[in-house]
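Hi,

Here is the structure I promised to pass on. Have a look at it first, and my notes come after it.

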Amino acid sequence: MLTKRIIACLDVRGGRVVKGVQFVDIVDAGDPAELAHRHARGGADEIVLLDITATHEGRGTLLETVKRTAASLFVPFTVGGGIRSAEDAAAVFDAGADKVSINSSAIARPALIGEIGASFGAQAVIVAIDARRTKGSSDPVGDAEVFVSGGRKPTGLRVIEWAVEAEARGAGEILLTSMDSDGVRGGFDCELTRRVSEAVQIPVIASGGAGSAAHFAEVFLVGRADAALAASIFHFGVTDSRALKAEVAAAGVPMRLPC
Amino acid sequence: MIAVIDYKAGNLTSVVKALRFLGANDFVVTQSPAAVLSADKIVLPGVGHFRSTRLLEDLGLTQATRESIATGTPFLGICVGLQWLYQGSTEAPETTGLGHFPGQCERFPAAFEGNDLKSPHVGWNSLENIRPDSRLLKNVANGSFVYYTHSWRAPLSVDTAATTLYGGPFTAAIERGNVMGVQFHPEKSAETGLQVLRNFLAL
């Protein structure tokens, strides 16, 4: 049976893993390669590394980090942050990534989705969407808006429409982050996740708000997510993926166990 | 020497990395029919469109592979590399496969048993009905999880070495003599995948 995936996300800045609460309060959490392997050994189904500064000067550091992390990692490995062209993507694949995640660059130039897919396959292209509910709207979820620049800048795009367009342009998966719930460990935005998941055929990865096993079970069962991503709950010894997955499985969600 | 065939279908880095991790140092990533003919083992990776396998024919690699496997050289196709072992795929009807195994690869149905079926099939799914005589799946237990990402699937046949369920059963692995293929990605399937590659390297 196809299982739901638990994805460990490492937010990286200057070659170190950091995690903020709602994109501020950055805390150092360790070495990316070491943490990626610890997560894989601990039962994570997939690893995502996001370069959250993504400065031009930092690219060399990032590629070195990707190479070091990928060297002996044998689960799917996604890299995001600062990928603005098919050439940027090629460099990240060459360093050992299996998939890239693109966000604002896909909004600025949607053709980029197809360009990367043409060389590396649609399965290698994740379109990341940072979403905020539109308060005051009669349908705050249906009218949820796409934001960029770490959730600060509105784009005027509606989340569901952009997800459908991304799929049509050849995205392999959607990584949907709720900016309303990110970092506060109060649960995923299940309603938004469900609406996006029902609008597209490709897998939807839910992100933002993970705080407990019950939150994961809810986003799979109610939110119809195919995968769920979390960073902060793993880093500080709250739990590991194997323990988390056992609890989620007990709630009736198919999980890769033992792992 | 192991020949890893490069036909520009996606990223070979992961496969090469896994082979190297398992101690295979004598390999070449190649488009050369001569390298395929002289290889001790052949690996055909590939993600992406079935159409891209046309390059194999254009470069003379189809013929070289046919000759090489006829002499008993172990062959492992991965993902589209497995699909190419069949007669063809509805993904690219004008492109013919090797035809070593009968049948056509087809897209997952849009619905199965009354429920919508998402496609592509992405994620970790379990291996079932592992053939006890499979050399490729030696020491791999029924129910072991492997990583998939694909929208077309290969039909079942007498040579199917394991199945996976998604919209009904499909061929997860196929094996007849020295010719083998896996639909999943052993290079991304943690310890189970490494075991499959280890088995192939040990042939």
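This is a predicted model: local features need pLDDT of at least 70, side-chain atom pairs count only at pLDDT 80 or more; totals for chains, interfaces and linings use all residues.

Residues are numbered from 1 along each chain as its sequence is written, while chains are lettered from A and ligands numbered from 1 in the order in which they are written.

Let's take helix 1 of chain A, residues 32–41. (Helices are DSSP runs of H or I with at least four residues, strands are E runs of at least two, and both are numbered from the N terminus.) P32(A), A33(A), L35(A), A36(A), H39(A) and A40(A) are buried there, meaning that 20 or more other C-beta atoms, placed from the backbone, lie within 10 Å of the residue's own. They span an arc of only 165° around the axis, so they sit on the same side of helix 1 of chain A; the arc is taken from the directions from the helix axis to the C-beta atoms. Just after this helix, G43(A) has a positive phi of about 110°.

Now to chain B. Strand 13 (residues 169–176) has six of its eight residues buried. Strand 12 (residues 160–165) of chain B runs antiparallel to strand 13, joined by five bridges; pairing requires at least two DSSP bridges. A162(B) is opposite A173(B). On strand 14 (residues 179–182) of chain B, four antiparallel bridges connect to strand 13, and I174(B) faces G181(B).

Best wishes

Terms used. Axes are lines fitted to C-alpha atoms, for helices over the stretch in contact, and angles run from 0 to 180 degrees between N-to-C directions. A residue is buried if 20 or more other C-beta atoms lie within 10 Å of its own, exposed if 12 or fewer, and partly exposed in between; C-beta atoms are placed from the backbone.
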